[in-house]
Amino acid sequence: MMRSLRSWWAYCAIFVLFAVAAVVTTGVWQVTAQNLQCRSSGYDNEHFLAYCDNPTYADYEHGALLYGIEPGVIDNLRGADVLFVGNSKAQFAFSSKAVEDYFDSIHVRFFVLGFGYGEESTFALAVLRKWPVSPKLLVINADPFFSTAISSAGSSALEGKPAFFWRLALKLLFQRVHRGVCFVASHVCPESKASIFRSARNGQWRLSSWHVAEKSVAVDGSGQITMNRESLRDPARLGEEFLNAVGVSRNCVILTGVPNSLLDSPGIAAGLASFLKTQSVLPAVGGLATIDSVHLNPASVERWSAQFVQAMTPILRKCLPSRAF
């Protein structure tokens with residue numbers, strides 16, 4: 001009788017395992033069929049598909065960073081000596097060869113923790129609270145950044161409903177299938193959708209699949225929105241909460257504002273730095289251009305970020321006194 005009962009449970013377990021495997025396999029192939037238009041050229045052992053401009057894939061990086069599901073990403077975030085925080089403007093500005101080469105040359109680890117969808121400080125703080133970090137230097141693109149707002153992508157990740165986790169798991173598995181399928185049978189992958197790949201090692205976006213290289217819209221300051229001291233009080237209050245939660249000395253916090261045509265970002269960052277008693281680095285680089293009036297184009301990213309890291313070097317030396325550079 002006991003042997004029969006054990007056999008029955010064994011058959012049930014096998015049935016359930018096969019059923020789950022069938023559901024997962026079906027789901028992965030369905031997501032794959034829907035997203036073969038996403039580009040596959042950015043995959044390697046370091047980069048994952050953070051975003052694809054296709055509604056059946058769209059955002060992946062919010063969930064990947066919040067729940068740490070990409071191999072190595074959380075270890076690299078927590079191990080960074082220098083942490084960059086901000087929205088997509090920061091991701092564009094600090095995802096440069098100039099930044100990577102600079103830190104490689106002085107053997108200092110860095111991580112760029114910005115997000116798309118206009119994400120501001122609420123989601124970034126949730127990630128930093130979930131995965132406590134201890135950077136020696138914190139760089140924030142503050143224009144003004146500090147707010148209670150949260151994007152739809154960030155909200156879905158924080159809510160963490162079963163449907164969200166199911167889609168997140170399918171996207172994780174899809175990337176492994178997508179990379180292999182497009183490598184073996186490239187003719188079935190039109191790769192027509194703009195895509196952003198992200199480094200699990202340093203958080204930088206790889207923008208070569210975003211079709212941005214040929215776009216150039218000069219930064220125009222004539223219509224920029226600025227913020228007076230009174231309007232900065234609320235962001236400054238939220239900034240206090242953010243900085244207290246992260247716990248980095250104010251002498252080792254740098255506020256900056258990536259130039260664009262919509263906001264007086266450098267001016268806003270300087271005002272917030274005065275409120276929060278932090279450092280500020282605001283390189284004045286002429287002739288900058290954007291892809292869309294908001295995000296610097298690749299050529300301007302390289303020029304501006306190269307000036308930024310050089311300008312911040314004296315602060316970095318004080319905050320990492322044990323390093324010889």
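Which side chains meet in a salt bridge at 2.8 Å, N to O? They are those of R250 and E240, where a salt bridge means a side-chain nitrogen of Lys or Arg within 4 Å of a carboxyl oxygen of Asp or Glu. The pair links distant parts of the chain, 10 residues apart: E240 sits in helix α9 (233–246), and R250 in the loop between α9 and β9 (253–256). Helices (H or I, at least four residues) and strands (E, at least two) are DSSP runs, numbered from the N terminus. R250 is buried at 19% relative accessible area, while E240, at 29%, is partly exposed. Buried here is under 20%, exposed is over 50%, and partly exposed is in between, using a 1.4 Å probe and protein chains only.

A quick word on what you're looking at. This is a predicted model, so local features need pLDDT of at least 70 and side-chain atom pairs count only at pLDDT 80 or more, whereas totals for chains, interfaces and linings use all residues. Residues are numbered from 1 along each chain as its sequence is written, and side-chain values use heavy atoms, with hydrogens and water left out.

Back to the charges. A search of the whole structure turns up 14 salt bridges. One of them joins R206 and D44, at 3.1 Å from N to O. R206 is in strand β7 and D44 is in the loop between α1 (2–34) and β1 (47–52), so this pair ties together parts that are 162 residues apart in sequence. R206 is partly exposed at 28%, and D44 is partly exposed too, at 26%. Then there's D81 with R109, at 3.6 Å, N to O. D81 lies in the loop between α3 (73–78) and β3 (82–86), and R109 in the loop between α5 and β4 (110–114), so that pair ties together parts 28 residues apart in sequence. D81 is buried, at 3% relative accessibility.

Keep R206 in view, since the largest pocket comes next. Its volume is about 310 Å³. Of the 19 residues that line it, the closest to its centre are S95, S96, K97, W205 and R206. A pocket is an open set of points on a 1 Å grid over the protein atoms alone, where a 1.4 Å probe fits, with protein on both sides within 12 Å along at least five of seven lines; lining residues have an atom within 4 Å of a point. The volume is the space filled by probe spheres set on the points, which are joined across faces, edges and corners. At least two lining residues each come from α5 (97–106), β7 (205–206) and α11 (298–319), with α11 giving the most, 3 residues.

Now the rings. There are 21 aromatic pairs: rings of Phe, Tyr and Trp (its six-membered ring) with centres within 6.5 Å, called stacked if the planes are under 30 degrees apart, edge-to-face if over 60, and tilted otherwise. Y57 and Y60 have centres 6.3 Å apart and planes at 40 degrees, so they are tilted. Y57 is buried at 1% relative accessibility, and Y60 is buried at 1%. F103 and F110, with centres 4.9 Å apart and planes at 25 degrees, are therefore stacked.

Finally, K171 lies over the face of Y57, 5.4 Å from the ring centre. The cut-off for a charge over a ring is NZ of Lys or CZ of Arg within 6 Å of the ring centre and within 35 degrees of the ring normal.
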